[in-house]
Amino acid sequence: MNDVKVKNQTLIEYLSYSFLLSILIAAAMGIFINRALTNYLIKSHIQLYSFIIEKILSNDSEVKKILSDKNVVFKNQDHQMTNLFFFNDTISRAELWDNNGDILWSSEKNIIGKNFYKNKVFQEALTGKTAYDISVEKDDKNTGKTRRVKTFKLYIPLLGANNVIGVIKLYEENSTLTNVIKFSNRVIWVTIGSCFAVYYMLLFSTFSKSNKKNNEILEKLIKTQDATILALAHEAELRDNSTGKHLIRTAKYVEILAKELKKRRNDVSKSFVDNIIKAAPLHDIGKVGIPDRILLKPAKLSAEEFSLVKKHCDMGAGTLKMAKEKLGYESFLDIAIEVTLNHHEKWDGTGYPRGLKGEEIPISGRIMAMADVYDALRSRRVYKNNLSHEEALRIILSEKGISFDPDLVEIFLEKNKVFENLSIELSDIASEKLATEIDMTTYEKISQAELIEIR
């Protein structure tokens, strides 16, 4: 199930990144289209005004007369000039400049005679190209305050025989062009936003369905994997324990110990807890290589026989290492190898197969050792009777710092009632029947040390 959660998290991250990327693409498209359309509308507007001015001036020589002879007095023609340039009700102001930047006529009389040769937009108009500028502020003569008004300023060149002889400057406020641009921008953003919403909803729906289907498949694979693990582990247990409840119980005990340890130690992660629970049933898989005459011997093992039993740790770990190499990537098998190899190591260094001591023993092996011993003490085997929970508790407490990690013993002590309840709830009926059929006279001869040395 942890893999499914990871899969869901991956989907959430993917959809989040795709959402942000889609917004960036939509924003870039909106900006690009808006700018392109705005430029197109402005150029069309400029061409229209240039065409109108050209047509007006083709039938009127007054402007060219003023430009050719600056001494011409045209005050009497002021009304005529006003009618000439204010051909549109959106034009708020008009000026006539010569090619030196001097203002020869203006609807604003106070600037007539002033020079603006350094005006960059005027310089551009002198090249014969209609230029423009846009400002968004204007001083209000009535209130003396500055108000935000979008003003469109056109610099329309007047062409002589071979060069530009002057420039007509027109001011538009709240023009139809401005309104058209605003409306077009809104339409573009609404259209792009709507398309983005529909696109993302389709993307979200598609990937959600795909993720749901993949999760169902993954969940089935995980369940199949867990069932296969349990079946393979049970195959090894069948020979000396007759039922697989030992595997279920030890996995539960491991879960209790690992989860409590996680609360107390920062180096124990959730993935470690999930993996050790899954790996626990494999701890004795190496027993398949131990002869029946040893595993099923209803008496104390000889030194030679016990040396053969010790090999099941290396054999189990070796088998799992082969499986890991086949995978080629990290999996729960890394923890399973640690558990299988180290679950008979002891805190004081007297365990096997390598005689590791204290913190040298991987935490996974220390957890498995305690879970395995408690279940063995509470269960009947062919060579011993089962002990009460109180007796098992006493033995484990006496082995604190000897066989078991002191921290884990403390956790066991704190949670011992949970252990007891699980051992009763998941009691092994088949094992009970088997034990009643064998001669238990050897039980009294088994010491505490030998009880700890489970097969």
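Visitor: How many aromatic pairs are there in the whole structure?

Guide: A search of this predicted model finds 14 aromatic pairs. One of them joins Phe196 and Tyr200: the ring centres are 6.0 Å apart and the planes meet at 25°, so this pair is stacked.

Visitor: Where do Phe196 and Tyr200 lie?

Guide: Both residues belong to helix 5, which covers residues 176-241. They are 4 residues apart, about one turn of the helix. An α-helix has 3.6 residues a turn, so residues three or four places apart point the same way.

Visitor: And are Phe196 and Tyr200 buried or exposed?

Guide: Phe196 has 17% relative accessibility and therefore counts as buried, the cut-off being under 20%. Tyr200 is buried as well, with a relative accessible area of 14%.

Visitor: What about Phe412 and Phe419; which kind of aromatic pair do they form?

Guide: The pair of Phe412 and Phe419 is edge-to-face, with 4.9 Å from centre to centre and 75° between the planes. Phe412 is buried at a relative accessible area of 0%, and Phe419 is buried at 0% too.

Visitor: Which residues do ring pairs link into a cluster?

Guide: The cluster consists of Trp97, Phe116, Tyr117, Phe122 and Tyr155, linked by ring pairs.

Visitor: Now to charges over rings. What lies over the face of Tyr171?

Guide: That is Arg93, at 4.5 Å from the ring centre of Tyr171. In another case, the charged end of Lys278 sits over the ring of Phe332, at 5.5 Å from the centre of that ring.

Visitor: Changing topic to helix 6: how far apart are its end C-alpha atoms?

Guide: The end C-alpha atoms of helix 6 (residues 245-264) are 29 Å apart. The helix has 20 residues, and at 1.5 Å a residue it should span 28 Å, so the two values agree.

Visitor: Which residues of helix 6 are buried?

Guide: The buried residues include His246, Arg249 and Glu260. Also among them are Leu247, Tyr253, Val254, Ile256, Leu257 and Leu261.

Visitor: Where is Ser403, and what does its side chain contact?

Guide: Ser403 lies in the loop between helix 13 (389-398) and helix 14 (406-414). Its side chain makes a polar contact of 2.6 Å with the side chain of Glu399. Ser403 is buried, with a relative accessible area of 6%. Leaving aside neighbours within four places in sequence, Ser403 is in contact with Glu345, Lys346, Trp347 and Ile452.

Visitor: And Ser388, where is that found?

Guide: Ser388 is in the loop between helix 12 and helix 13. With a relative accessible area of 36%, Ser388 is partly exposed. The C-alpha atoms of Ser388 and Arg378 are separated by 6.3 Å, although these residues are 10 residues apart along the chain.

Visitor: Which peptide bond is cis, with omega near 10°?

Guide: The bond from Tyr352 to Pro353 is cis. Pro353 is placed in the loop between helix 11 (333-342) and helix 12 (363-378).

Visitor: To finish, how many helices and strands does the protein have?

Guide: The protein has 17 helices and 7 strands. Of its 455 residues, 43% are buried.

Visitor: What share of the contacts joins residues at least 24 apart in sequence?

Guide: The share is 64%, counted among contacts between residues at least 6 apart in sequence.

Notes: Residues numbered from 1 in each chain as written. Predicted model: local features only at pLDDT ≥ 70, side-chain atom pairs only at ≥ 80, totals over all residues. Heavy atoms only, no water. Phe/Tyr/Trp six-rings, centres within 6.5 Å; stacked < 30°, edge-to-face > 60°. Helix = DSSP H or I, 4+ residues; strand = E, 2+ residues; numbered from the N terminus. Buried < 20%, exposed > 50% of the residue type's maximum accessible area, 1.4 Å probe, protein only. Lys NZ or Arg CZ within 6 Å of the ring centre and 35° of its normal. Expected span 1.5 Å × (residues − 1). Polar contact = N/O pair within 3.5 Å; in protein donor to acceptor, adjacent residues only side chain to side chain. Contact = heavy atoms within 4.5 Å.
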